[in-house]
Amino acid sequence: MNGATRPTDAVEADPPEAPRGGPSDGTCLSVGIDVGTTNTKVALVAIDGSAVRVRAVATAPTPPPDSVRRVLVGLLRQVLHGSPAPDAVGIASMAETGVPLDATGTPLGAWLRWDGHRAGAEAAELSRRLGWAHLVAATGVRPSAKVPLATWAWLRANRPDTWRAMASWAGAADLVCLLLTGRLTTDHTLAGRTMAYRLPRPGQPVPEAFDTDLLAEVGLRPEQLPTVVPPGTSAATVRDPAFVDAGLRAGTPVVVAGHDHAVGAYACGVREPGDVANSLGTAEAVLSVVAGCPDPVAVARAGMSTVVPVAGRHRAILAGSSSAGATIAWWLAHESGGVPAAELSAQVLGRGDRPTDVIVLPYLSGRQAPAPDPRVRLRILGRRPTHTPAELARAMFEGLCLQTRWMLHEQARLAGGPADAAVTLLGGAGAASPAWVRVKAHVLPAELRVVPAAQPVAAGAAIVAAVRAHRTGPGAPALAWQPGPAVAGAGRDYDEPFARFVTAATNAEAADDDSRGEEVR
């Protein structure tokens, strides 16, 4: 990466036209890259004006920063083998994760990840000095150990040699863009997770730079951060010969598509006020696009964030549950009675749709929203010796889905909208879990739409790239969805269990006083 272009030079407002590499029938071919917490995915996507088809996918464990180039070249070779060169490249990634770069653009060490829990003291100090409510109102983000503004303060205090050598900072997607193009750029959905980027005023476009005053609080300057490329614009073009050898064409537009949750929602058609996405994986996210501008401070007090979705036209409320998929993995290891996962799922489906009389609070490591509490842990309330593994597993799925319903309920309250909007479910393996999806369709008081695509974020990055590179129109098609299971009494059967769940989740004394309750982690 020697000779990487400085961040302030990062935008080509009108990139050169790349020769079309797609089929002669007018189909646009686009590549999407998703740098995730666990794995990095590359997808080749065909967009024909009315439909999106994922043609090929390749996956590898997410590498350290100094190996990203090598791993991506290998993944691109796999998905582009035998294919025409794509028309555009889009990059999505986990948020709040990045790496300092030296003056040549070389990474200085490992990723500083969102889940590192290193900068809690720095976040608290920023809140004390600047005011918690002021920071939230300005940025939409709750001060916490994972936000990069706090990470930069931690880096300055704890790694002075790295701090002095740091010429710039790259988020995960930003680094990939730099490798492909030699230019350091990001987009507003990733910038918005740093707590160093201001929410736009109502009716105003998203800012095209990080905030000078917030950066000064930790000793950084805007020119050390990526340029924020506005929606509707491509960032740069492919220049690195290694990626050309892998199947890309020099001059192909490259776009930082954004934050993985936001990009996945966009891919699945969650783009207008009233649309809701539920993303399943190791963690779970609920994103509701809203009309108007909910109070960011009220949203943050509920443990959620105020964000601007991919298209940049509206606001959305984003809530997370950090260990949804991880709870299932833990349950299979500790509470399944040795029954294999597939068999246990079949048993859960086989017992029918009757609610259980057990409440499972699915918190392996605290609760982020709607009532933030880092101390709560997984609890099983009401378990009896006569309960079978299938009944208890059903209760576990119910607990996860009641937590989702609670997040949806609070988002609707904060936005002043209905609590029964249709929910679009995405997330590969999570959305494909029959028992989880069946229980969710029963618990939620809304229509469930299931997107079966295995890599919606990578596909979404490809769609965003095609739109911003003007290879398809702004009304680009979304990934196909199918109706969720039709369940008699959906939602209504869980009104009373929902009330019991929220009471138990928010009242530790009541949980402790329940003689049948037990904390299992």
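Two strands are taken to pair if DSSP finds at least two bridges between them. Helices (H or I, at least four residues) and strands (E, at least two) are DSSP runs, numbered from the N terminus. In this predicted model, local features need pLDDT of at least 70 and side-chain atom pairs count only at pLDDT 80 or more, while totals for chains, interfaces and linings use all residues. Residues are numbered from 1 along each chain as its sequence is written, and side-chain values use heavy atoms, with hydrogens and water left out.

**The sheet**

- An open sheet of mixed pairing is formed by six strands, in the order β3-β2-β1-β4-β10-β9.
- Because β3 (52-61) and β9 (236-237) each have a single partner strand, they stand at the edges, and one side of each is left without a neighbour in the sheet.
- Strands β1 (residues 28-35) and β2 (residues 39-47) run antiparallel and are joined by eight bridges.
- Within this pair, Val35 stands opposite Thr40 in β2.

**The helix across the sheet**

- Helix α10 (residues 260-267) lies across β1, β4 (88-93) and β10 (253-259).
- The helix runs at about 105 degrees to β10.

**Cysteines**

- The structure holds zero disulfides, a disulfide being a pair of cysteine sulfur atoms within 2.5 Å.
- Cys28 is in no disulfide, and the nearest cysteine sulfur, that of Cys177, is 18 Å away.
- Cys28 has 1% relative accessibility and therefore counts as buried (under 20% relative accessible area, with exposed over 50% and partly exposed in between; 1.4 Å probe, protein chains only).
- For Cys268, the closest cysteine sulfur is in Cys401, at 18 Å, which is too far for a bond.
- Cys268 also counts as buried, because its relative accessibility is 4%.

Methods: Contact means heavy atoms within 4.5 Å. Axes are lines fitted to C-alpha atoms, for helices over the stretch in contact, and angles run from 0 to 180 degrees between N-to-C directions.
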